[in-house]
4 protein chains.
Amino acid sequence: MPFIYQRTLRFQDTDAAGVVYFANVLSMCHEAYEASLTSAEVDLKQFFNNPSIAIPIIHASVDFFSPIYCGDRLLIQLVPKQIKEHKFEIRYQILSADEQLLSKATTHHTCIHPGSRDKIKISPEMLQWLQKWGEEEPTVIESFNQ
Amino acid sequence: MPFIYQRTLRFQDTDAAGVVYFANVLSMCHEAYEASLTSAEVDLKQFFNNPSIAIPIIHASVDFFSPIYCGDRLLIQLVPKQIKEHKFEIRYQILSADEQLLSKATTHHTCIHPGSRDKIKISPEMLQWLQKWGEEEPTVIESFNQ
Amino acid sequence: MPFIYQRTLRFQDTDAAGVVYFANVLSMCHEAYEASLTSAEVDLKQFFNNPSIAIPIIHASVDFFSPIYCGDRLLIQLVPKQIKEHKFEIRYQILSADEQLLSKATTHHTCIHPGSRDKIKISPEMLQWLQKWGEEEPTVIESFNQ
Amino acid sequence: MPFIYQRTLRFQDTDAAGVVYFANVLSMCHEAYEASLTSAEVDLKQFFNNPSIAIPIIHASVDFFSPIYCGDRLLIQLVPKQIKEHKFEIRYQILSADEQLLSKATTHHTCIHPGSRDKIKISPEMLQWLQKWGEEEPTVIESFNQ
């Protein structure tokens, strides 16, 4: 089951075109990420101040299908997935209250040592989060005969 | 009873000093204002696109008593009050989850015609909102003798 | 020649990790886009309020190679390119003052009618902007013999 | 002479009412403050990461006289003034290109030790900045005779 974050589009999120300012959709996705961490019992204050691991975003992309207006109630669905020993991605779907797909986004995150900025393995805490909200692996059925 | 809005401080709200960026406290107060409108059945999309009335902020002030960190759960208390035929103010208190006062803010709002920008009376819809969330007037006890 | 926009990273652009908040890199790219419009004599106030054409962003992506700190002086290089009758893309490179590549981004923009949201052709004004700042086509050298 | 910072209002600074989002005026004032520090040879990266002094904003206020639109070229005038051993204020005026007063703001800043958060004296570096951009005291001409 993916993590779902509810968010109302605020006046601050809009621009003079009357709809959401494009980059703010990525900020809302990051809010969903933070909420998913909290709900896996990750302490956010420690998470963003951890002297032994930092997890910067190294890539982000976003597609827009429909305009989003101030006051719109949104559902942000989030699915994380490990892609390397030190790297994971998150896929987001932004849906209207009646579950129309309004926008899609992806972020890539790499674990590094904050001082040296060397790559390090994903921490046990984050592996737990990946397991909690990640896609289930398709069950592998091994057939010995044939 | 004042309106209370719950808000978690997000990574986006912080700055390189590790705490909330000062102007973002006012943005959170505006979020509380929008939430109070919704809970008085004001339609936000119409509210911010109304061709016959606009209600710009003409003054804002904010005081900071304690740093606010990413992940902090906040309570934003809001009390509106009419101060003129065409003008109201809102007082905000930003409290920690254990009800310590972290910040205080005030905004002043004037009703105008969007085209001419002339002052106009507060609308019935907003008077209802003022009544719903506003401070009750202290009962005035008049004493005739003396 | 690409358009180059100079920008200092501001405190507001940073987050509690001490570096630029990821989505703000896209906002700086949009600033560069606006500056490139101005320098092609597009009036921004009219551009964002044009009743006959709107040009929403339908896709954005960004890659991060190095952290960017408050006070860093940046050069944002912008190259637009028409990709369909109604669509163009912009490629951005964010460089440090000593021309190290810090980040790269791309945005896709579609011309629509603001009312119907139907696709329409890129306007003459924007074709001029595309010509002014767009990549020159590689000179095609035709060889007649073989 | 006050410090003057030039700034174009960007699309990101606007909201669905088509004008600047109120809290963003304070952010532009903070940008002017950062630019005034740089021009007094304060290193911003060090300034915002200084382990021996932090200078949080403890109060901010802003008044709005005229709407500000995307593309508007602004002049932000800044005048700092020491008000206590550990405290200074900055007054800002936001002017249009033709020097009409659009907005006014004030911020109060207190010097503290980042660890203990105890008040400390304004640093020599900041006293120099105060002297460079601060209001000159009106020359007091004492006349003994007459």
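The contact between chain C and chain D takes 20 residues from chain C and 20 residues from chain D, where contact means heavy atoms within 4.5 Å. About 1,600 Å² is buried between chain C and chain D, with carbon and sulfur atoms giving 57% of that area; buried area is the accessible area (1.4 Å probe) that two parts lose on being put together, summed over both. This is a predicted model, in which local features need pLDDT of at least 70 and side-chain atom pairs count only at pLDDT 80 or more, while totals for chains, interfaces and linings use all residues. Residues are numbered from 1 along each chain as its sequence is written, chains are lettered from A and ligands numbered from 1 in the order in which they are written, and side-chain values use heavy atoms, with hydrogens and water left out.

**Chain C with chain D**

- On the chain C side, C:Arg10, C:Phe11 and C:Lys45 lose the most area to chain D, together 33% of what that side buries.
- Four salt bridges are found across the interface of chain C and chain D, a salt bridge being a side-chain nitrogen of Lys or Arg within 4 Å of a carboxyl oxygen of Asp or Glu.
- D:Asp72 forms a salt bridge with C:Lys45, and their closest N and O atoms are 3.6 Å apart.
- Four residue pairs, both at pLDDT 80 or more, are in polar contact across the interface of chain C and chain D. A polar contact is a pair of N or O atoms within 3.5 Å; within protein, one must be able to donate a hydrogen and the other to accept it, and residues adjacent in sequence count only if both atoms are side-chain atoms.
- The elements that give two or more residues to the side of chain C that touches chain D are α1 (22–38) and α2 (44–47) of chain C. Here helices (H or I, at least four residues) and strands (E, at least two) are DSSP runs, numbered from the N terminus.
- With seven residues, α1(C) gives the most to the side of chain C that touches chain D.
- That side of chain C divides into eight nonpolar, six polar and six charged residues. Ala, Val, Leu, Ile, Met, Phe, Trp, Tyr, Cys and Pro count as nonpolar, Asp, Glu, Lys and Arg as charged, and the others, Gly among them, as polar.

**Chain A with chain C**

- Here 19 residues of chain A are in contact with 19 residues of chain C.
- The area buried between chain A and chain C is about 1,700 Å², and carbon and sulfur atoms give 60% of it.
- On the side of chain A that touches chain C, α1 (22–38) and β2 (57–64) of chain A are the elements that give two or more residues.
- β2(A) gives the most to this side, with eight residues.
- This side of chain A holds twelve nonpolar, five polar and two charged residues.
- β2(A) and strand β2 (residues 57–64) of chain C run antiparallel and are joined by five bridges; strands pair if DSSP finds at least two bridges between them.
- A:Asp63 stands opposite C:His59 in β2(C).

**The sheet of chains B and D**

- Ten strands form an open sheet with antiparallel pairing, in the order β1(B)-β3(B)-β4(B)-β5(B)-β2(B)-β2(D)-β5(D)-β4(D)-β3(D)-β1(D).
- β1 (3–8) of chain B and β1 (3–8) of chain D stand at the edges with a single partner strand each, so one side of each is left without a neighbour in the sheet.
- From one strand to the next, the twist averages 20°.
- Strand β2 (residues 57–64) of chain D and strand β5 (residues 101–110) of chain D run antiparallel, joined by seven bridges, and D:Ser61 stands opposite D:Thr106 in β5(D).

**Salt bridges over all chains**

- The structure holds 24 salt bridges over all chains.
- B:Glu31 forms a salt bridge with B:Arg7, with the closest N and O atoms 2.9 Å apart.
- B:Glu31 lies in helix α1 (residues 22–38) of chain B and B:Arg7 in strand β1 of chain B, so the pair ties together parts 24 residues apart in sequence.

**Inside chain A**

- Chain A has three helices and five strands, running β-α-α-β-β-β-β-α from the N terminus on.
- β3(A) and strand β4 (residues 87–96) of chain A pair in the antiparallel sense over ten bridges, forming a hairpin with two residues between them.

Technical notes. Axes fitted to C-alpha atoms, helices over the stretch in contact; angles between N-to-C directions.
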